[in-house]
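I opened my notebook to follow a few helices and their neighbours. Here is what I looked up, entry by entry.

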Amino acid sequence: MNARPHADGSADVMLDVKNLRAYYVMKYFGTQREVRAVDDISLRVGRNEIYGLAGESSSGKTTFIKTIAAAIRPPLTVVGGSIRYSFLDRDIYRLDRAALSAIRWRHLSYIPQGSMNVLNPVRRVRESFIDFALPHMDLPKQRFFAAIVAHLERLQLAPGVLDAYPHELSGGMRQRIAIALATVCRPDFIIADEPTTALDVVVQKSVLELIREAQREIASSMIFVTHDMAVHANISDRLGIMYAGRLVEEAPTAEIFRSPKHPYTQHLIASLPRIGDLSAKRALTGAPPSLAEPPSGCRFHPRCPLAMDICRETHPELVSIDPRHRVACHAVSPAVRPDGVFGATAKQRTGLVQ
Ligand SMILES: Nc1ncnc2c1ncn2[C@@H]1O[C@H](COP(=O)(O)OP(=O)(O)OP(=O)(O)O)[C@@H](O)[C@H]1O
């Protein structure tokens, strides 16, 4: 983790997402059904910042990054909100196809979970660089390849990989090439979707270092998605925690690990293994809710050991408890119910708020 200027995203904003709602909208026999996978999310990513997005399976992480990349197709639909990048003069959904293609790789790039999503199995690696990077680099072929080789060398990749077919390389090597591809045009913003999940821990460590190195070298901003909190501890400057389509907590990574406030984040941190700790880890009771029929009030309340009446009735807003820390929990930040009654304060919840 690296402390950087503007790491709270408050100044020099590269990505500003406001009240984003993206639902899977389906019709069955004339009845409409919506899966509210991203439901009213607002967040900002600062210049040169790695913003980590965490949360269990089905919490909406992938849907969120597909939506901010404008890489959606039916039934996924943007129902509301806005997505502004600093390098665009308008919302990304106001760009036409040609304008979107022009910013991809050059300004906004992507590191997928599986490198085979970007590398063509029947073509040499060189061809992938030609397909994705050449149109954006505006260089004659010879100088283009000199630039590619220099970039590979900076990332400690031998230029010989350009002549290989993807199947001739290990998974770790392919993922390094996917990182080189995503960074070679020096994009302003990179979206990384579980880029190390499929790798063993030793390779994972070196790939994480490579991502960090590449991001520093080109000084771009990044959203890094993984459910693996240990990976976030290694790479993310700030963390947003998603639960059931909503952002429930956000703070600098060190702060989340040191002093998690939301009961769900506290559970995520408490369940991490620690050397020498032999105590049994308690699982959360219940299962994640259906996003087609999410629970009323706080979506976490059916599993929350501290749920009270207001949690069943009123959705807790994500509010700042200090300038760099936001939490959506009635126990942490008192809310006003429609009938004007306040929810419990932090003091009433001894043990929950540190
Ligand atoms: N094509 C689809 N049609 C309908 N619902 C979908 C579709 N894709 C995803 N969903 C639903 O959207 C919700 C969010 O899924 P999403 O894949 O974004 O979560 P995630 O946090 O990325 O999970 P994972 O870590 O398992 O990838 C889930 O309830 C999922 O079932």
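I started with what covers the buried residues of H5, and the cover includes helix H3 (125–132) and H6. I count two residues as in contact if their C-beta atoms, placed from the backbone, lie within 7 Å. My helices (H or I, at least four residues) and strands (E, at least two) are DSSP runs, numbered from the N terminus.

A note on the source: this is a predicted model, where local features need pLDDT of at least 70, side-chain atom pairs count only at pLDDT 80 or more, and totals for chains, interfaces and linings use all residues. Residues are numbered from 1 along each chain as its sequence is written.

Next I asked which residues of H5 are buried, and found Ile148, His151 and Leu152. Seen down the H5 axis, these buried residues fall within an arc of 100° (taken from the directions from the helix axis to the C-beta atoms), so they line one face of the helix. The face turned away from the buried side carries the exposed residues Gln142, Arg143, Ala146, Ala150 and Glu153. Buried means 20 or more other C-beta atoms within 10 Å of a residue's own, exposed 12 or fewer, and partly exposed in between, with C-beta atoms placed from the backbone.

Just after H5, I saw that Gln156 takes a positive phi of about 55°.

**Helix H10**

In H10 (residues 263–270), I found Pro263, Tyr264, Thr265 and Leu268 buried. They pack against helix H8 (229–235), strand S8 (238–243), strand S9 (246–252) and helix H9 (253–258).
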